[in-house]
Amino acid sequence: MKRKVKFDYARWVFVLPALVVVGTLLVYPIFSSLYYSMTTKHLIKPAYKFIGLANYKAVLTDANFFKAFLASILWTVGSLIGQIFIGFTTALAINRVKVAKGVYRTLMIIPWAFPSIVIALSWKWILNGVSGFLPNLLVQLGICSTLPQFLSDSSMVFVTLILINIWFGAPMIMVNVLSALQTIPRDQYEAAQIDGASRFQQFHHITVPHIKVVVGLLVVLRTIWIFNNFDLIYLITGGGPAQLTQTVPIYAYNMGWGTKLLGKSSAVTILLLLFLLLISLVYFGIIAKWEKEDK
Amino acid sequence: MGKVKDKIGNGLCHVYLIILSVIALFPLVWVILSSVKSDGELTSDPTRFLPKSFTFDNFIHVIDDLKFATNIGNSLIIALATTIIAIVISCMSAYGIVRFFPRLGNIMSKALVATYLFPPILLAIPYSLVMATLGLTNTRLGLVIVYLSFSVPYAVWMLVGFFKTVPIGIEEAARVDGANKFTCFIKIVLPLVAPGIVATGIYTFINAWNEFLYALILINNTKKMTVAVALRSLSGAEILDWGDMMAASVLVVIPSIIFFFIIQNKITGGLSEGSVK
């Protein structure tokens, strides 16, 4: 049967709406931001002019930008390592136990469903420096002599934020690693046991190669998500105390909606995008290499 | 020897999982318990677990005096509208990608995943400017449009996985019988993928219901606020009433969790299936 040599418009109708959404809501804004980043655009004042790369120059010579960048790196690396560790170990544990698998999985998935505002409020209440459950418990148990101020003490606030983010993000890693683990054929382990392989050898030679690519993808997606995350820190500490937890998205927000300098704020967000692009290219290079090795 | 070692290993796994389950569950339990305690009890006895007396005062106060029901209504309308529009658009294009663009399709879905890179804070600036120009600031419509930016790419990505499972033979048989592309799509393909569409829809709904940043930037009128932004503005008050905050939190978090439980078995394999191909 030969195909008709007529232009087939119908297939384009199917993908057109999504292309329009991507074009207007994702591609256009990028170029729009790129343009505004080279202007003196203000949130309220209508007049603005083109100033070339002056905004970028101003941002890249601002000490607070580098502080925010370092805070972002710390926030991302700390959260990522914790989420991967907890997510991975719980997935392995659930995969190993024989009873209550489903119960554990269901309970542990709960944090993932939390809206960011409820994550913020619930933890702010649990850690409240006056009537919070945890500070009072620590005092009653004699572990602390005074009520610890988890969210305002500059020596604890960053660790606290990262732990909250681990609590929230580990379930997603767990669910994905667990389903990758379940795709590994059982007989491979049985064969290895007959050959006398230790549990560690089985993990190293069977488990790791099977789930490497999935975990790699997870790391990329999580890195981007955590780096871009605005809600959690903004709602819990607002970047404080004394701008200590001000990451790049919060720095950009304060510049755009606090001091109302949208042009300069756009320059910050474009730099953020470029950095993430660079990071993902490196990651995807590594994953592509793994995939080649597998074949 | 091996057996004993195995048993100890299993026991340790259970201990580890129990501890982590408690940590995972605790904030939800604490929010619910705090929401039914009286204000006096919240501050006088911070580590007491169960309430001395149950009270629904916090809920009544939140709904009657703080008009939280209006915000819940806004969030419901916005999340539902986003879900319906996003699912219609995404079903069409996911099917289009799978069936009609065998080669281009892979690039298309990769490009969609790449949009995950775009920082929401970057997009927020042009969104606020465009919505102001169009007069859509402080409207639910404006927020629904903006929400399509993250819901459509994600839904297409999820749905492509489901549509790939439909064997092409079924469609070819229908086409031979004279059905055109659209009839074939609606009458034959959609029903087969219905469970996947429902799961994707629920996930889209949860994400729209939970969204915060765009709602913060586009809405400043209390009557138009979504639950997330309304709660944020309530918690900005000088003297914070934690009982009220916890009652409102219960109303916001419970729908998310129920929906999440419904689809928990569908959202599992997303990444691993996507990467196997």
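**Helices H11 and H12 of chain A**

I began with helix H11 (residues 248-258) and helix H12 (residues 262-294) of chain A in this predicted model, and found that their axes come within 8 Å and cross at roughly 165°. Because angles over 145 degrees count as roughly antiparallel, I noted H11(A) and H12(A) as roughly antiparallel to each other. I also looked up the handedness, and H11(A) passes H12(A) in a left-handed crossing.

Next I listed the residues that make the contact: H11(A) supplies A:Val248, A:Tyr251, A:Ala252, A:Met255 and A:Gly256, while H12(A) supplies A:Leu262, A:Lys264, A:Ser265, A:Val268, A:Thr269 and A:Leu272. Sorted by class, this contact of H11(A) with H12(A) has 7 nonpolar, 3 polar and 1 charged residues.

**Domains of chain B**

I then turned to chain B, which is divided into domain 1 (2-57) and domain 2 (58-276), and whose two domain centres, taken over C-alpha atoms, are separated by 31 Å. The contact between them takes 9 residues from domain 1 and 12 residues from domain 2. On the domain 1 side, I found that the elements giving two or more residues are H1 and helix H2 (39-44) of chain B, with H1(B) giving the most, 4 residues. By class, I recorded 4 nonpolar, 2 polar and 3 charged residues for that side of domain 1.

**Chain B against chain A**

Last, I looked at the contact between the chains, which takes 70 residues from chain B and 75 residues from chain A. On the chain B side, helix H1 (residues 2-35) of chain B contributes the largest share, 15 residues, and I noted the classes of that side as 48 nonpolar, 20 polar and 2 charged residues.

Note on methods
Residues are numbered from 1 along each chain as its sequence is written. Chains are lettered from A and ligands numbered from 1 in the order in which they are written. This is a predicted model: local features need pLDDT of at least 70, side-chain atom pairs count only at pLDDT 80 or more; totals for chains, interfaces and linings use all residues. Two residues are in contact if their C-beta atoms, placed from the backbone, lie within 7 Å. Ala, Val, Leu, Ile, Met, Phe, Trp, Tyr, Cys and Pro count as nonpolar, Asp, Glu, Lys and Arg as charged, and the others, Gly among them, as polar. Domain bounds come from an automatic or database domain assignment. Axes are lines fitted to C-alpha atoms, for helices over the stretch in contact, and angles run from 0 to 180 degrees between N-to-C directions. Angles under 35 degrees count as roughly parallel, over 145 as roughly antiparallel, 65 to 115 as roughly perpendicular and the rest as oblique. A crossing is left-handed if the near helix is turned anticlockwise from the far one by less than a right angle, and right-handed if clockwise.
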